[in-house]
Amino acid sequence: MRKTSAVLATLSLAVLALTGCTAAPTFAGAACDRSGSSSVADSVTVEGDLGETPDVTVFSPVKSSSTSFSDAVVGDGETLTTSVQPLVLDITFYGGDSGDKLYESEYNGDLSRVHNIAYWAQRSPGLESVLECATGGTRTVAVLTPEDFGETNVEAFGLADGENVVAVIDVLDVHLAKAEGASQFNDARGLPTVVRAPDGTPGIIIPDSAAPTSTVTQTLIEGDGAKVEKDSVVVTNIMAVGWDDKTVVSSTWGAEPNIGIAAKELVGATVGSQLLVVAPGAEGASATAIVVDILGTVPVPEQ
């Protein structure tokens with residue numbers, strides 16, 4: 001589980017220093033066709049339950065001039081709509097010529113292994129197109145070209161020249177991409193105003209007035225998901241802006257989300273909610289306005 005930064009210890013939130021914020025790339029409607037390729041389905045048989053190490057037979061050699069996929073199981077969970085939306089997956093790679101297993105992930109049922117498509121695409125670029133618009137609970141079989149598997153991977157596994165790679169991917173869970181729910185009315189006098197890009201990325205407008213002298217928490221959007229408990233492990237996106245200089249101090253938008261034990265300000269809120277928290281600075285430091293999107297909760301990992 002990712003650790004949190006002392007800068008925002010009041011909220012137990014991780015911090016990534018940024019000079020600004022950018023909207024996350026979203027998948028166009030045309031990219032959401034998951035009809036897949038029948039040739040991929042005919043090249044591999046996969047047995048076993050989702051989340052367990054699959055029993056795979058590759059009818060090698062598997063040849064393809066482009067990366068393609070077929071959904072062996074279609075889940076009914078959340079849909080992946082951006083490359084930075086939180087997800088949990090297990091994956092196994094096989095040589096397309098040899099049929100030999102090259103790599104497998106943990107398959108340990110730990111749903112706190114939250115990353116995003118961008119994280120996996122850094123390791124194997126073709127996974128981005130394979131995972132676009134997949135739903136939680138889906139098992140996908142893909143054939144990756146050497147270029148889409150990644151030059152470093154091709155060399156590391158000693159693959160033959162031009163050898164494709166077969167991937168079996170279990171999308172165990174998909175969390176929300178942004179807060180979703182009912183907008184709430186708040187008396188915003190003396191407090192920041194929050195605006196949002198279409199992908200949910202917030203903008204925080206600090207008023208020309210003194211910051212509150214004690215912590216203030218407001219619910220901006222009320223989601224209809226599970227309630228955050230005292231010991232819940234929550235998946236969040238944050239945006240923090242300094243009160244005095246009105247610049248972005250930190251953000252997880254466009255990067256990986258934060259995973260951590262719920263701070264007291266989040267307890268009682270529901271998944272899908274967006275909160276505004278204004279935390280006064282310690283020992284003369286500037287106050288900070290923080291917008292928190294609660295994207296999901298995960299089971300506490302077993303020790």
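Asp97 is partly exposed, at 27% relative accessibility. In this predicted model, Asp97 forms a salt bridge with Lys63, and the closest N and O atoms are 3.2 Å apart. The two partners come from distant parts of the chain, 34 residues apart. Lys63 sits in the loop between β2 (55-58) and β3. Asp97 sits in the loop between β4 and β5 (101-104). Lys63 is exposed, because its relative accessible area of 57% is over the 50% limit.

Side chains of opposite charge can pair when their charged atoms come close. The count here comes to eight salt bridges. One of them joins Asp71 and Arg34, with 2.7 Å from N to O. Asp71 lies in strand β3 (residues 68-73) and Arg34 in the segment before α1 (38-43), so this pair ties together parts that are 37 residues apart in sequence. Asp71 is buried, with a relative accessible area of 17%. Arg34 counts as buried too, at 16% relative accessibility.

Next comes strand β4, which holds Asp90. The side chain of Asp90 meets that of Arg113 in a salt bridge, 3.2 Å from N to O. Arg113 lies in the loop between β5 and α2 (117-123), 23 residues from Asp90. Both Arg113 and Asp90 are buried. Glu106 belongs here as well: salt bridges that share partners join Asp90, Glu106 and Arg113 into one network.

Now the aromatic rings. The whole structure has four aromatic pairs. Phe93 and Phe149 make one that is edge-to-face, with 5.0 Å between centres and 70 degrees between the planes. Phe93 lies in strand β4 (residues 87-95) and Phe149 in helix α4 (residues 146-149), so the pair ties together parts that are 56 residues apart in sequence. Phe93 and Phe149 are both buried. Ring pairs also bring in Tyr103 and Phe157, giving a cluster of Phe93, Tyr103, Phe149 and Phe157. Elsewhere, a charge meets a ring: Arg123 lies over the face of Tyr119, 3.6 Å from the ring centre.

Two elements give two or more residues each to its lining: β9 (193-196) and β11 (216-222). The lining includes Thr193, Val194 and Arg196, along with Gln218, Leu220 and Ile221. Ser183, Gln184, Asn186, Ala188, Pro192 and Leu276 line the pocket as well. By type, the lining divides into six nonpolar residues, five polar and one charged.

Terms used. Residues are numbered from 1 along each chain as its sequence is written. This is a predicted model: local features need pLDDT of at least 70, side-chain atom pairs count only at pLDDT 80 or more; totals for chains, interfaces and linings use all residues. Side-chain values use heavy atoms; hydrogens and water are left out. On a 1 Å grid over the protein atoms alone, a cavity is a set of points where a 1.4 Å probe fits but cannot get out, and a pocket is an open set with protein on both sides within 12 Å along at least five of seven lines; lining residues have an atom within 4 Å of a point. Helices (H or I, at least four residues) and strands (E, at least two) are DSSP runs, numbered from the N terminus. Ala, Val, Leu, Ile, Met, Phe, Trp, Tyr, Cys and Pro count as nonpolar, Asp, Glu, Lys and Arg as charged, and the others, Gly among them, as polar. Rings of Phe, Tyr and Trp (its six-membered ring) pair if their centres lie within 6.5 Å; planes under 30 degrees apart count as stacked, over 60 as edge-to-face and the rest as tilted. Buried means under 20% relative accessible area, exposed over 50%, partly exposed in between (1.4 Å probe, protein chains only). A charge sits over a ring if NZ of Lys or CZ of Arg is within 6 Å of the ring centre and within 35 degrees of the ring normal. A salt bridge is a side-chain nitrogen of Lys or Arg within 4 Å of a carboxyl oxygen of Asp or Glu.
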